[in-house]
Amino acid sequence: MRSLTLFAAAAAAIALPAAAHHGWSSYDETKPITLNGSFTELNWGNPHGTAKMRWKGKSWDIILAPTGRMEARGLTQAEVAPGKKVGLTGYARRDGTAEMRIERIMVNGKTVELR
């Protein structure tokens with residue numbers, strides 16, 4: 001019985017950070033947003049890429065997909081480097097925080113699905 005309790009506690013300890021990190025329910029999927037512009041910053045890293053973009057007078061945090069997925073789907077870091085024109089479709093946070101989860105990127109005449 002003790003080993004079962006320890007196993008359950010360990011499983012919960014691992015699952016909680018993952019659930020907190022991937023809290024996709026905090027984004028409003030009923031209101032997709034599409035915008036065009038360029039990133040002011042880009043982090044091409046794991047667990048997923050991130051960027052910043054000016055939109056609606058604010059600096060927005062942009063949540064991208066894992067870099068391996070983006071590369072496998074034909075997107076390169078050079079194509080979305082700061083200053084390059086991109087189109088983004090995604091969802092803003094429900095709580096008004098200036099953060100978006102991006103579903104697709106349009107760049108150089110192609111559309112790359114991120115999810």
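What is the accessible surface of the chain, and what share of that surface belongs to carbon and sulfur atoms?

## Surface and burial

In this predicted model, the accessible surface of the chain is about 6,800 Å². Carbon and sulfur atoms account for 57% of that area. The chain has 115 residues, and 35% of them are buried.

## Fold and contacts

The chain contains 2 helices and 7 strands. Read from the N terminus, these elements follow the order α-β-β-β-β-α-β-β-β.

Contacts between residues at least 6 apart in sequence may also be grouped by separation. Of these contacts, 55% join residues at least 24 apart.

## The setting of Glu79

Glu79 is located in a loop, with α2 (67–72) on one side and β5 (85–92) on the other. Is the residue Glu79 buried or exposed? The relative accessible area of Glu79 is 14%, and the limit for a buried residue is under 20%; Glu79 is therefore classed as buried.

## Partners of Glu79

The side chain of Glu79 takes part in two kinds of pairing, one with backbone and one with another side chain. With the backbone nitrogen of Thr76, the distance is 2.9 Å. With the side chain of Lys110, Glu79 forms a polar contact of 3.1 Å.

Definitions and conventions. Residues are numbered from 1 along each chain as its sequence is written. This is a predicted model: local features need pLDDT of at least 70, side-chain atom pairs count only at pLDDT 80 or more; totals for chains, interfaces and linings use all residues. Side-chain values use heavy atoms; hydrogens and water are left out. Helices (H or I, at least four residues) and strands (E, at least two) are DSSP runs, numbered from the N terminus. Buried means under 20% relative accessible area, exposed over 50%, partly exposed in between (1.4 Å probe, protein chains only). Contact means heavy atoms within 4.5 Å. Accessible areas come from the Shrake-Rupley method with a 1.4 Å probe; for residues, only the protein chains shown count as cover. A polar contact is a pair of N or O atoms within 3.5 Å; within protein, one must be able to donate a hydrogen and the other to accept it, and residues adjacent in sequence count only if both atoms are side-chain atoms.
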